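Here are my notes on the model, point by point. Please read them with the structure open.

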Amino acid sequence: MDNHLQSDGPDSGKGAFFSPEAVRGVPWMVLSKLVLFFAYFGVSVLTVNGLGKEKFGVYSLMFNISSYLLIACGLGLGAALMRYVPELAARQNRHALLHLMWKSATLQLLAVLGASVVVLRFAGPLQRLFHAEHIERFPFFLALACGMTGLLLLKDYVATVFTSMFKTRTVAILSMVQGAVWLAGLYVLLGARPEVDTVFFIQMLSIGVVYAVGAALLFRRVTQLPWTTQEFGIGRRRALKFSGTAMLSAILRMVMFKYSEVFFLAAAGGATLAGVYDLGYTLPYTVVTFIPLALLSLATAAFAEAYVKDASCLGRLISSSYKLLMAASLPVAVLGAFFAPTAYHVIYRGEMDEAGSLASAFCLLLLLPLVSIPLSMALKAKEKVHNMLPMMAFQIVVNLFLDWLLIVQLQWGVWGGIWAVAATFFLTITPRMMVARHIIGGIYFPAAFFFRMATVLTLEAAAFHWVAGRLRLFERFEQDWINIGLLFGIGALYAVLFLLLVRAFRLVRQSDIADFQALEIKRLNKLMFRVFGV
């Protein structure tokens with residue numbers, strides 16, 4: 001076995017990795033994701049129950065088209081900003097920072113305008129491809145999807161630059177305000193006019209207003225920075241090479257973990273079937289990746305900053321990040337795998353039970369991409385993402401072939417999409433890890449930590465599920481809000497019991513504590529002391 005595949009991180013005993021600025025941003029990012037989780041949960045319930053199964057399928061298809069356009073039109077420049085803004089800030093080069101920001105914004109604007117023209121030109125063929133001839137306003141909905149892409153680019157741009165400068169409080173406030181406006185707008189207006197364009201207009205309005213203000217605040221802040229350095233900035237070739245590879249990597253992730261399956265399902269069975277698959281994915285994605293996505297942008301910038309200061313830090317930093325991801329995501333994923341069917345039946349009033357079964361599978365499948373997150377951040381810090389291009393191409397070919405085989409040829413429907421995702425991961429993981437290890441020097445996956453946590457969590461979740469079934473817990477009350485409260489209550493009790501089991505059986509060892517403490521997140525260290533007594 002690889003000597004870097006172990007429970008103890010490499011280079012034990014070294015000091016902290018992240019700067020105080022990066023660490024101070026963690027609570028704000030977690031707070032914003034917590035607020036947004038409840039906001040998006042409310043948005044999902046209002047949208048699905050308000051539109052109904054068929055109209056939600058149309059909305060889901062259009063939003064997935066917008067999501068693909070978002071990655072393509074982003075040109076990978078978001079990742080480039082995340083990598084180079086901390087570097088330019090460390091060098092106090094305001095001129096180069098402004099140049100990078102203006103050029104990135106201009107290129108993304110031109111890209112979304114060009115892509116919109118192309119997509120709208122092919123509105124007719126797309127309508128026939130997705131068996132959507134019965135949708136009279138298909139071209140209009142497609143235009144809304146293109147407009148949504150432009151606004152989402154604005155949102156991501158503002159959030160990325162602010163996060164790269166470690167101004168996470170501003171990012172958190174903007175995202176929480178936008179989520180609240182979106183939820184309130186749906187609550188007030190969707191009941192009066194339950195149409196697809198109503199959902200789009202409310203979301204677009206909330207993003208446009210909030211992030212127009214955010215963009216103004218961003219450029220005012222950067223132009224007022226008292227930096228006078230006039231040295232050269234980031235070279236064009238360096239930036240384009242990095243952003244191009246990042247764009248391909250982002251497209252790969254989309255193809256791998258939902259979006260290609262959505263389009264194959266829409267082409268094979270129509271928008272309603274694609275909507276069921278999309279709903280089965282979306283809620284587990286929000287829950288399982290709650291903490292990882294809360295910290296991803298900040299951690300990527302912090303990786304880059306730490307690597308500039310100490311090129312030997314990546315090994316232990318990867319190991320520490322793996323453990324943090326596992327501690328945050330494994331409990332939710334395992335509990336969700338057992339309770340997702342019940343949760344979907346309660347939340348969506350029995351209209352989306354098939355999506356609940358899919359959600360149970362996705363709770364576990366969504367753990368798979370977490371294997372790549374620390375390695376991806378390390379590759380970006382080393383500017384070696386382009387070395388993974390052959391593996392990316394290999395994954396895309398395998399995934400698309402399996403989509404075609406299982407969904408179109410064998411007609412396995414939504415479960416064909418599930419098996420395509422899982423099979424692609426397991427067929428490609430070995431060569432991908434071999435290439436990554438060659439570039440980085442190791443994988444540093446804490447296998448023993450993972451198996452200790454996963455075993456206890458699985459046994460605990462199985463026990464909770466058995467007790468709930470024996471008691472017929474969710475058949476005792478007719479009111480939906482009581483059953484939703486029971487679901488959250490089970491989650492809270494499950495979390496408390498897990499922490500007690502961790503302490504009782506010493507599942508977190510001294511070496512694990514050392515890795516967590518090396519991140520120098522004070523609140524995390526205090527939590528470790530209170531929970532584990534070390």
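**Notes on the predicted model**

1. Start at the surface. Trp28, Leu31, Val35, Ile173, Val177 and Val181 make up a nonpolar patch there, with about 440 Å² of accessible area together. Patches take residues with over 30% relative accessible area and no salt bridge; like charges are joined within 9 Å, and nonpolar side chains (Val, Leu, Ile, Met, Phe, Trp, Tyr) within 5 Å. Accessible areas come from the Shrake-Rupley method with a 1.4 Å probe, and for residues only the protein chains shown count as cover. Helix 2 (26-74) and helix 7 (168-189) each give the patch at least two residues. Trp28 belongs to helix 2. Trp28 counts as partly exposed, at 30% relative accessibility.

2. A word on the basis. This is a predicted model, in which local features need pLDDT of at least 70 and side-chain atom pairs count only at pLDDT 80 or more, while totals for chains, interfaces and linings use all residues. Residues are numbered from 1 along each chain as its sequence is written, and side-chain values use heavy atoms, with hydrogens and water left out.

3. Overall make-up. The chain has 21 helices and 0 strands. These are DSSP runs numbered from the N terminus: helices are H or I with at least four residues, strands E with at least two. Of the 534 residues, 54% count as buried. Buried means under 20% relative accessible area, exposed over 50%, and partly exposed in between (1.4 Å probe, protein chains only). The chain exposes about 23,700 Å², and carbon and sulfur atoms supply 67% of that area. Among contacts (heavy atoms within 4.5 Å) between residues at least 6 apart in sequence, 85% join residues at least 24 apart.

4. Aromatic pairs. The whole structure holds 24 of them. Rings of Phe, Tyr and Trp (its six-membered ring) pair if their centres lie within 6.5 Å; planes under 30 degrees apart count as stacked, over 60 as edge-to-face and the rest as tilted. Phe56 and Tyr59 form a tilted pair, 6.3 Å centre to centre with 40° between the planes. Both lie in helix 2, 3 residues apart, about one turn of the helix. Phe56 is buried at 7% relative accessibility, and Tyr59 is buried at 9%.

5. A second tilted pair is worth a look. The ring centres of Phe401 and Trp404 are 6.0 Å apart, with the planes at 35°. These two residues sit in helix 16 (residues 389-409), 3 residues apart, about one turn of the helix. Phe401 is partly exposed at 45% relative accessible area; Trp404 is partly exposed at 38%.

6. Other ring features. Phe37, Phe38, Phe41 and Phe488 are linked into a cluster by ring pairs. Arg121 lies over the face of Phe122, 5.9 Å from the ring centre. The rule here asks for NZ of Lys or CZ of Arg within 6 Å of the ring centre and within 35 degrees of the ring normal.

7. Salt bridges. The count is 7, each a side-chain nitrogen of Lys or Arg within 4 Å of a carboxyl oxygen of Asp or Glu. Asp480 and Arg349 meet in one (3.7 Å, N to O). That pair links distant parts of the chain, 131 residues apart: Asp480 is in helix 19, Arg349 in the loop between helix 13 (314-347) and helix 14 (353-365). Asp480 is partly exposed at 32%, while Arg349 is exposed at 56%.

8. Which residue meets Asp512 in a salt bridge? Arg452 does, at 2.8 Å, N to O. Asp512 lies in helix 20 and Arg452 in helix 18, so the pair ties together parts 60 residues apart in sequence. Asp512 is buried at 0% relative accessibility; Arg452 is buried at 14%. Leaving aside neighbours within four places in sequence, Arg452 is in contact with Leu507, Arg509 and Asp512.

9. Further charge pairing. Arg472 forms a salt bridge with Glu475, with the closest N and O atoms 3.2 Å apart. Arg472 is exposed at 52%, and Glu475 is exposed at 59%. Arg137, Arg193 and Asp197 are linked in a salt-bridge network.

10. Backbone points to check. Leu75 has a positive phi of about 60° although it is not a glycine. Leu75 sits in the loop between helix 2 and helix 3 (77-90) and is partly exposed at 27%. Arg506, also not a glycine, has a positive phi of about 50°. Arg506 lies in the loop between helix 19 (480-504) and helix 20 (510-518) and is exposed at 60%.
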